[in-house]
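User: Can you walk me through how to read helix packing and salt bridges in a model? Let's take it step by step.

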Amino acid sequence: MLDEYEPLIPAEVTDYYLQRVGFECDDTRLKRLLALAAQKFVSDIAADAYQHARIRTNAAGGRARMNIGSGASKDKTRTTLTMDDLSAALAEYGISAKKPDFYL
C-alpha cells in the first residue's frame, strides 16, 4: 500500500535525516513508512498543543471574552497556540522544550 502513497514529509527531507543518523536503506516503502510515522508524531503533538491552548483559553473564562469588543465576537472560536502550549504537549512525550527567558 505504500508503493503509491506520498507522505506529507518530502522524501528528500526524510532521506536527509535518515542519512544524518546513519540509517542506510534502499527500500522506499520503508522510508515512506518512517515518514508516515514522523507525520503522525508531529500531528499528535500539534493536536495535543491545540487541546492545551483550548484548555488555557477556556480557563480564562468570560473575563477575556467580555473585554473583547462586540466587533470581535466572530473570533471567539479562534485559538492561538503559544510556546507554552507546545512545551506542555511535548512534555507528555518526554521532550523538554522551553522558550528563552528573553529576546534581544
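Analyst: Start with handedness: a crossing is left-handed if the near helix is turned anticlockwise from the far one by less than a right angle, and right-handed if clockwise. Bear in mind that this is a predicted model, where local features need pLDDT of at least 70, side-chain atom pairs count only at pLDDT 80 or more, and totals for chains, interfaces and linings use all residues. Residues are numbered from 1 along each chain, and side-chain values use heavy atoms, without hydrogens and water.

User: Which hand does the crossing of α2 and α4 have?

Analyst: Right-handed. Helix α2 spans residues 28–60 and α4 residues 83–92, packed at about 125 degrees with axes 8 Å apart. On the α2 side, the contact (heavy atoms within 4.5 Å) includes Ile45, Ala49 and His52, and on the α4 side Leu86, Ala89 and Glu92 are among the residues. The contact residues split into seven nonpolar, one polar and four charged.

User: And how many salt bridges are there?

Analyst: The rule is a side-chain nitrogen of Lys or Arg within 4 Å of a carboxyl oxygen of Asp or Glu, and the count is five. One of them joins Arg32 and Glu6 at 3.8 Å, N to O. Arg32 sits in α2 and Glu6 in the segment before α1, so this pair ties together parts 26 residues apart in sequence.

User: What about Lys31 and Asp15?

Analyst: Their side chains meet in a salt bridge at 3.3 Å, N to O. Lys31 belongs to α2 and Asp15 to α1, 16 residues apart.

Terms used. Axes fitted to C-alpha atoms, helices over the stretch in contact; angles between N-to-C directions. Helix = DSSP H or I, 4+ residues; strand = E, 2+ residues; numbered from the N terminus. Nonpolar A, V, L, I, M, F, W, Y, C, P; charged D, E, K, R; others polar.
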